[in-house]
Structure formats: C-alpha cells, structure tokens
Amino acid sequence: MFFFRLNKLKIVDNHEKRSVLQLFGSDKAEVQLSSFVTTDSTELPELGELVATDNEHRKRKLAELAVARVINSRVLTTIENVTDNHEMTFGDTGYVLYQAERIPEQFDWILLAIESDQDVRDLGVAMNSVLQNEEFHSTLDQTLALATAAANPTYTAAVSIGKLVTKMLAQQCRKNNDDMIGVLYTSLNRREHYPHGERKKDKVADLTNNMFVDYSLFGFDPQPQPVPMHRLPPVTAVRGIQPRRRIGA
C-alpha cells in the first residue's frame, strides 16, 4: 500500500485586497487547491494512436481525452476565509491526496493554489477553456513527440500534460480577476527519495515563495502470506533415511 498526504499548507499573501482604499474591509480569500499526481502506473491508452495518426480531427479528439484523463485524476479542495500568513493543518494524520495498492517507482506531484474573486468558481470551465486554446494544442503536439522517446512514454506524457495544463491555467487566471497564489512541482523516484517507502518534508517552498508545504508519503510492500500447516506437503522418505515412526504405530 502507498499513501501520500498533505500535512500543512502556509500561504504568505492571499492576493485579496481590502475593498475600501485597500485599508478597510475584509481581506479574507477563497482559495482553491488542485492536486495532480502522476505515477509510473498512470495509463494513457490514447497515447499510441495520438502519436501515430495523421488525422487532425482525430488527433484533437484523442488529445482532449488524454488531457481529460490527467485532469480528472486531480483532487480539488476549496478553503474559505484564508488570510495572509494563513496556516492550514489537516488533522494529526494529514489529508490523503493519493493512495495506491503498490509503491510507485516514479511519483510526480503538482499543487496549484488559486485565489478566486467569485463566490463559486468552476475550475472545470477554466479547464475547458484551456482545451480550446490553439497554443495549447500546438505545444501539446511537441510535448507528446518528445515524450515518446522517453524510457516510460506514458508517465512522461502525463507529467508533461499536467505541467502544460497548469501553465495555461496560470495564463487564464491573469486574464480574469483570479490570482495564482502558488504552484509547486515535485518529482520523486523511489530509489533516490524513498528507498524504504517513507519520506517527510516540511516547509517546502513553491516556485513563487508564497506558499510553503508540509507533505509525507508512506508505503509498504505486501508481505507473503505463510502457508498453513495443513497445506504443507507430506513428509516423504529420503533414500537411506526413513521417517520417524510414532510410538504405538
């Protein structure tokens, strides 16, 4: 089993301005957190045909399916009344963002924090807007072409899609009244970062130094079950050695 947890999150500047001369009024913000996790077991069944096809209409459809698969794997959480220097804790066990039956060999995580000026913001609408962007599709074609040359094309492609979607969302936020509070990219591999199935890091800074994250992961390989005694094979005689007889037999 494998568990990845968010333990604490600190936001330095919530990007919310006071309404009256920026001196009076509430400066509490509503923050949406989006977590994208990609591992070496992530599946993108569309990838093979997507790279091979020359049909532009089919390629666009397959690209949207691949992006949707990555996007739909995200964990979305909305936190209200976030102030400057706000520290969010998630109990004594943390908030599980990802779990799996086995320990992944490769693990990639993107955490995106957006301050919304709307009471309710549908991130899915922003995602759809990204999918309609021509720049996104042209960049995606180049990204997938590079991914196919990697040792694990599916994992590389999924990671690249996640980063590309995050980048486009950041651009989308700048056009709206929403601000990008922070974005964190973390790439781990089992051999280097969690050889014994454990890792715990505190106060990890994001790319903007506006967000600090405590996270931990824990995993263990299932132990082989002992064979019940009644299922053990019967003792047989070895040449020259006879099984011991019981008294009275």
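Predicted model: local features only at pLDDT ≥ 70, side-chain atom pairs only at ≥ 80, totals over all residues.
**Pocket and cavity**

Rolling a probe the size of a water molecule over the atoms shows where empty space is left. The largest pocket has a volume of about 160 Å³. Its lining consists of V37, T38, T39, S41, T42, E43, L44, R69, V70, S73, Y98 and A158. The largest share, three residues, comes from β2.

The structure also holds one cavity of 30 Å³ or more. About 50 Å³ of space lies in the largest cavity, and the residues that line the largest cavity are L6, L33, S35, V75, T77, F90, Y95, L97 and L111. At least two residues of this lining come from each of β2, β3 and β5 (95-100).

The table gives the classes of the lining residues.

| Space | Volume | Nonpolar residues | Polar residues | Charged residues |
|---|---|---|---|---|
| Largest pocket | about 160 Å³ | five | five | two |

**Sheet**

Strand β2 contributes to the lining of the pocket and to that of the cavity. This strand also belongs to an open sheet of four strands, in the order β3-β2-β6-β7, with antiparallel pairing. β3 (75-82) and β7 (179-189) are the edge strands; each has a single partner strand, so one side of each has no neighbour in the sheet. On average, neighbouring strands of this sheet are turned by 15° against each other, direction ignored.

Between β2 and β3, which run antiparallel, there are six bridges. In one of the bridges, L33 has T77 of β3 as its partner. L33 and T77 are also among the residues that line the largest cavity.

**Helix pair**

Two packed helices are described by the angle between their axes and the distance between the axes. For α2 and helix α4 (residues 134-147), the angle is about 90° and the axes are 11 Å apart. Angles of 65 to 115 degrees count as roughly perpendicular, and α2 and α4 are therefore roughly perpendicular to each other.

On the α2 side, the contact is made by K59, R60, A63, E64 and V67, which meet E134, F136, H137, L140 and D141 in α4. By class, the residues of this contact divide into five charged, four nonpolar and one polar.

Key. Residues numbered from 1 in each chain as written. Heavy atoms only, no water. 1 Å grid on protein atoms, 1.4 Å probe; cavity = no way out; pocket = protein on both sides within 12 Å on 5 of 7 lines; lining within 4 Å. Points joined across faces, edges and corners; volume = space filled by probe spheres on them. Nonpolar A, V, L, I, M, F, W, Y, C, P; charged D, E, K, R; others polar. Pairing = 2+ DSSP bridges. Axes fitted to C-alpha atoms, helices over the stretch in contact; angles between N-to-C directions. Parallel < 35°, antiparallel > 145°, perpendicular 65-115°, else oblique. Contact = heavy atoms within 4.5 Å.
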